[in-house]
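Me: Please take a close look at one part of this model, the surroundings of the ligand. Keep it brisk.

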Amino acid sequence: MIKGFIRPPHLRQRLVLTAALSLLLLLFATPASADPPSPLNPFSPTSGAIANLFYLVLAIALMVFVVVEALIIISVLRYRRRAEGGPEPVEVHGHTALELTWTAIPALILAVLFVLTFQALQAAQNPPGDALRVQVVGHQWWWQFNYPDQGVTTANQLVVPVGQPILFSVTSADVIHSFWVPQLGGKIDVIPGQENTYWFEVEEPGDYHGQCAEFCGLGHPFMPIRLTAVTEEEFAVWVMEQLAGSSPPSEDLLAQGKVIVESGVCAVCHTISGTLAQGKKGPDLTWFGRRPFIGGILENNPQNLALWLDDPPAVKEGALMPDYGLSEEDIRALVAYLESLK
Ligand code: HEC
Ligand SMILES: [Cu+2]
């Protein structure tokens, strides 16, 4: 045996190590920067309530951590073996007061957290007063948004006014998804055959990023939610723009594109209001030319649209719009027509 080689570390070394590790843990527990769409950077009263709950739980956990660690360190120091052959330590069995205390305190903490969590959940479900209604339908792998009171339908892109509660009723056309815009509210399950409701209110204009938060198949990572919050006036203008009839294309190319869409190749799945295309399986294309993204992931411009029409699953893995082997001429006509819908 190599004497003194595998010696238990000194008490002071052990303390330094413990302190260093604790510091490291604290570093990791520090909230990340405000840049990513973090639930800890809330812009809605409901997400604010969730963030506050998180900080409360964190504070309580830190207090428990400090008290428990302090007791451990004090015990280690105070009751360490001081000398070889000292007296045996006294063995203690049961301590009613202590046991009652360490049962009562956690029970109390849990009871308080239960009540506060329940209140936050209730508040997130029932909007105060007048709310804008939005129906969310999850599809593999895109979002359908209906505004029943405005008669507007969009895909992947949500536009909402600031300072007004928005009441979402959420369901799915196929599998289970989860609707989540982290800075605005908690996750809500998107379940076929069931309607879940919840609300949030956006406090500041801007773009907010969300994402399907329940694995729903191949295209799951490409199921973003683009939410733009605008002023009440801008929202009214947006609704009017959505409702204004689409002007019939005059040029030959546009007309040709429209014919292809209406002939049934596209019409079985897509709706373009004011035309014969009334399919419901794919996104509504009525104002496709105004939409910033194709499939929610690709910038909407003629080049990208041509790429999409040429082979949708090549652009977005798993997309449920097949490659129709369209000719170059057909694609040109379709791009002209679809991009003119604005
Ligand atoms: C079998 C049904 C089906 C048919 C037929 C179909 N599509 Fe699609 N289309 C879809 C689905 C589903 C999506 C959504 C794919 C995704 O984002 O995952 C889509 C998406 C699109 C988009 C992007 C929409 C958006 O808002 O991002 C365009 C543009 C489009 N289709 C055009 C066409 C055209 C033009 C035709 C006819 C040549 C056509 N589609 C035929 C099902 C179909
Ligand atoms: Cu999904």
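Reply: Start with helix 6, which gives the most to the shell around ligand 1: 3 residues. This is a predicted model. Ligand 1 sits in the largest pocket. Two or more shell residues each come from strand 11 (293-294), helix 6 (302-310) and helix 8 (328-339).

Next, the shell itself. There are 26 residues around ligand 1. The ones that come nearest are Cys 266, Cys 269, His 270, Arg 291 and Met 321. Sorted by class, the shell holds 21 nonpolar residues, 3 polar and 2 charged.

Two of the nearest residues, His 270 and Arg 291, reach ligand 1 through their side chains. For His 270, a side-chain N or O atom lies 2.7 Å from a nitrogen atom of ligand 1. For Arg 291, a side-chain N or O atom lies 2.5 Å from an oxygen atom of the ligand. Gly 295 uses its backbone instead: one of its polar backbone atoms is 2.5 Å from an oxygen atom of ligand 1.

One more element is worth a look, strand 1. Strand 1 pairs with strand 5 (residues 166-172) in the parallel sense, over 7 bridges. In that pairing, Gln 135 stands opposite Ser 169. Strand 1 also runs antiparallel to strand 2 (residues 142-147), joined by 5 bridges. There, Val 137 faces Gln 144. The link between strand 1 and strand 2 is a hairpin of 2 residues.

Terms used
Residues numbered from 1 in each chain as written. Chains lettered and ligands numbered in written order. Predicted model: local features only at pLDDT ≥ 70, side-chain atom pairs only at ≥ 80, totals over all residues. Heavy atoms only, no water. Near = heavy atom within 4 Å. Polar contact = N/O pair within 3.5 Å; in protein donor to acceptor, adjacent residues only side chain to side chain. 1 Å grid on protein atoms, 1.4 Å probe; cavity = no way out; pocket = protein on both sides within 12 Å on 5 of 7 lines; lining within 4 Å. Sits in = over half its atoms within 2 Å of the grid points. Helix = DSSP H or I, 4+ residues; strand = E, 2+ residues; numbered from the N terminus. Nonpolar A, V, L, I, M, F, W, Y, C, P; charged D, E, K, R; others polar. Pairing = 2+ DSSP bridges.
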